[in-house]
Amino acid sequence: MNDLIGRITLEPGKRGGRPCIRGMRITVYDVLGWLAAGMSEAEILADYPELDREDISGCLAFMSLRTAHLRRVLGGAGRFAAVRPELVEGRFWQSI
């Protein structure tokens with residue numbers, strides 16, 4: 001897993017300091033968004049030939065570790081909703 005995580009870079013001046021893949025301007029959040037939108041790994045690789053399968057796996061591994069860290073910091077999975085319940089319930093978006 002460390003090999004996969006090593007593909008993720010953080011540079012303050014690039015993409016607002018968001019975690020990127022191998023120094024490129026493609027963020028972990030870009031890849032996760034494409035997956036969440038229903039793109040397959042094969043479709044992502046076809047659209048972005050500069051990526052490879054390990055890059056996508058690295059994004060998933062990075063977010064897995066980040067989520068585990070947040071759970072430890074916040075004291076459990078149930079506390080996510082307690083931090084900003086309006087974000088979870090959608091009221092935040094309705095109030096904009």
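Guide: A nonpolar core is a set of buried Ala, Val, Leu, Ile, Met, Phe, Trp, Tyr and Cys residues joined through side-chain atoms within 4.5 Å, where buried means under 20% relative accessible area, exposed over 50% and partly exposed in between, with a 1.4 Å probe and protein chains only. This is a predicted model, in which local features need pLDDT of at least 70 and side-chain atom pairs count only at pLDDT 80 or more, while totals for chains, interfaces and linings use all residues. Residues are numbered from 1 along each chain as its sequence is written, and side-chain values use heavy atoms, with hydrogens and water left out.

Visitor: Which residues have the most contacts inside the largest nonpolar core?

Guide: In soluble globular proteins, nonpolar side chains tend to be buried together. Here the largest nonpolar core has 16 residues, and Ile 21, Val 31 and Leu 51 are those with the most contacts inside it. H2, H3 and H4 are the elements that give two or more residues to this core, and H4 gives the most, with five; helices (H or I, at least four residues) and strands (E, at least two) are DSSP runs numbered from the N terminus. Leaving aside neighbours within four places in sequence, Leu 51 is in contact (heavy atoms within 4.5 Å) with residues including Ile 21, Val 31, Trp 34 and Ile 44.

Visitor: Which residues are buried in helix H2, and why do they lie on the same side?

Guide: An α-helix has 3.6 residues a turn, so residues three or four places apart point the same way. In H2, which spans residues 28–36, Val 28, Val 31 and Trp 34 are buried. They are on the same side of H2 because they cover an arc of only 135 degrees around the axis, the arc being that of the directions from the helix axis to the C-beta atoms. Among the elements that cover these buried residues are strand E2 (20–21) and helix H4 (53–74).

Visitor: How many disulfides does a search of the whole structure find?

Guide: A disulfide is a covalent bond between the sulfur atoms of two cysteines, and the criterion used here is a pair of cysteine sulfur atoms within 2.5 Å. The search finds zero, because the sulfur of Cys 20 is 9.6 Å from the closest cysteine sulfur, in Cys 59, too far for a bond. Cys 20 is buried, with a relative accessible area of 1%, and Cys 59, at 0%, also counts as buried.
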